[in-house]
Amino acid sequence: MVVYTSEAMLQIHFGTAPRLFSSNLSITKSDTSLSQSSIHFSKKKKFRRIRSLNCSLTRQSRVRLHQLQGISGSFYNITIPSRSGLLICCCQHAEVVSGATAADESRSWFVDNSEKIESVNSLVNGTHLLEFQDVEQLKLEKERGLSNGNLASADTPTGLGFQKVGVDPYENEAWELLRESVVYYCGSPIGTIAANDPANSSVLNYDQVFIRDFIPSGIAFLLKGEFEIVRNFILHTLQLQSWEKTMDCHSPGQGLMPASFKVRTIPLDGDDSATEDVLDPDFGEAAIGRVAPVDSGLWWIILLRAYGKCSGDLSVQERIDVQTGIKMILRLCLADGFDMFPTLLVTDGSCMIDRRMGIHGHPLEIQALFYSALLCAREMLAPEDGSADLIRALNNRLVALSFHIREYYWLDLKKLNEIYRYKTEEYSYDAVNKFNIYPDQISPWLVEWMPDKGGYFIGNLQPAHMDFRFFSLGNLWSVVSGLATNEQSHAILDLIEAKWSDLVADMPVKICYPALEGREWQIITGSDPKNTPWSYHNGGSWPTLLWQLTVACIKMNRPEIAARAVQVAEKRLSRDKWPEYYDTKRARFIGKQAQLFQTWSIAGYLVAKLLLGNPGASKMFITDEDSELVNAFSCMISSNPRRKRGPKSSKQTYIV
């Protein structure tokens, strides 16, 4: 093993990449992590893929007093508490966020003391009277031991400033469980595992940190002012973006973010007393169906913006490597192809619904996240000559995408009647039925289910095919991102209220409605035993969707809808041990294969509660259209042959 000084080694090891480490010790009010002036690296042939992030660690079984030199030259004595299997990093890690570094003006919007609706507060913040059985259960859960050596415990130096929060026993239990799910890399928090059920020996891949699963966890930590874990997650997943990704001699496009990663502890060559932590990512090579995660990069951009908005620390998004990462994701998404539509063309299983469910093509969930990520990226991209073409392409895509979704994906009773009367086989530039949709596709359930007031975006649109299923995440994020107009956003919430017994019932929120059944289920899912009717992704109910529902309701000034859903969830989540999902049409059963103590079920509940208590914080997600985008969209509507032509309100030309 060769030892280099931190500056020289990083120049050799990372080349021209921006320096992620510092040779000085930085101690902030929320930082208990250790830095050293030298970094130990090793090379192992059998870990060829796991490179550049290897950090030497030594196991310590007793309390040690470390005397380290600080920035000013003075010495600090730091006591490391003893715990079984504690890994103490012998290398430096990504810079730690200081809670005091943010400029007041950068976060002034976040500290706004907006008035809270008293009725909502009484619904979500009232004191809960627990029965004796519930109290006993909470006590038992607090006594659970940890089964993963990389997870947090009471003695782990976290640097997160964890503390007891609130007086609500459900919230307190949720926070304890969330913190127990935290994964550490070189002594620093880097994410949360998907599930942490000590009673389940078959963990599958639920002991990994998933990009999409960490989003509600990261938001919960941001809302509590605990920024370090989110910063570490953003920077380390960014480094994984550039790793070699190959399956059967084929590599996907640059910019792909991993679906998940796992922190592995391996022995160091030639030293039995030392180990090293390595990050092992999965880009879909090991996933069920071997599908690349399209949504990971989109969620990463959304979380990056939320981190800057909430913490006030804009230095992360301004870093050269982060700017490069944003551009790589954008170029991958904006690349030219054969498609005539502005929507992203993806395979089945490339998002939250990661199994075969008939969503291949242009699923709404991906389009809503795509639109949101484009707006977030445009806001964060540094203005420079090299970005001009990319920003121009981004603006053009935003206009075309918003027009396409609002015009062709929207469905209400009026539009349904219009489709019912469609003529087919129209060959012309001014065809009304542009996608040659056959009216016989309209299912009987939809005719009866569609309310007089309300509407939604359909799940998918392709030539001669409209997927009329209601997909919750895609519709809710369309509201949050502004992809839906103000009128459409209210209509979506109207539909959720009108169809409460179908979409919420005994546990919010249905991932999609209705379920595929019978012959349709056999053909579309391939008779998937996990996606049986009203289970898992096929009409199951997912508590994590609570937080997206809450943000959408707050944006439209209708938080009472979300508060009602939180009340429904609170009655069961803790008692049922925080399941991953629920089964049956009314969500009466815990999912037959659902993991218990599912982290994003816990985090989704916490984020919903925190946002209802502080609605102003939801601004970290909400994106509003600028005037140019609105004008461009108006121009496209006025030139649509299905509408009357009129004078254009903007002289600016947009290439679509």
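In this predicted model, one aromatic cluster is formed by Trp445, Trp449, Tyr456, Phe470, Tyr513 and Trp534. Two members of that cluster, Trp449 and Tyr513, can be looked at in detail.

How many aromatic pairs does the structure hold? The count comes to 23 aromatic pairs. One of them joins Phe233 and Phe261, whose ring centres are 6.4 Å apart and whose planes make an angle of 40°, so the pair is tilted. Phe233 belongs to helix α6, which covers residues 228–241, and Phe261 belongs to strand β10, which covers residues 260–268. The pair therefore ties together parts that are 28 residues apart in sequence. Both Phe233 and Phe261 are buried.

Trp449 and Tyr513, from the cluster, form another aromatic pair. Here the distance is 5.0 Å from centre to centre, with 20° between the planes. Planes under 30 degrees apart count as stacked, so the pair of Trp449 and Tyr513 is a stacked one. Trp449 is in helix α13 (residues 444–449) and Tyr513 is in strand β17 (residues 512–513), which means that this contact ties together parts 64 residues apart in sequence.

Are Trp449 and Tyr513 buried or exposed? The limit for buried is under 20% relative accessible area. Trp449 has a relative accessible area of 5%, so Trp449 is buried. Tyr513 has 7%, so Tyr513 is buried as well.

Lys530 lies over the face of Tyr536, at 4.3 Å from the ring centre. At Trp500, the charged end of Arg564 sits over the ring, 4.0 Å from its centre.

Technical notes:
Residues are numbered from 1 along each chain as its sequence is written. This is a predicted model: local features need pLDDT of at least 70, side-chain atom pairs count only at pLDDT 80 or more; totals for chains, interfaces and linings use all residues. Side-chain values use heavy atoms; hydrogens and water are left out. Rings of Phe, Tyr and Trp (its six-membered ring) pair if their centres lie within 6.5 Å; planes under 30 degrees apart count as stacked, over 60 as edge-to-face and the rest as tilted. Helices (H or I, at least four residues) and strands (E, at least two) are DSSP runs, numbered from the N terminus. Buried means under 20% relative accessible area, exposed over 50%, partly exposed in between (1.4 Å probe, protein chains only). A charge sits over a ring if NZ of Lys or CZ of Arg is within 6 Å of the ring centre and within 35 degrees of the ring normal.
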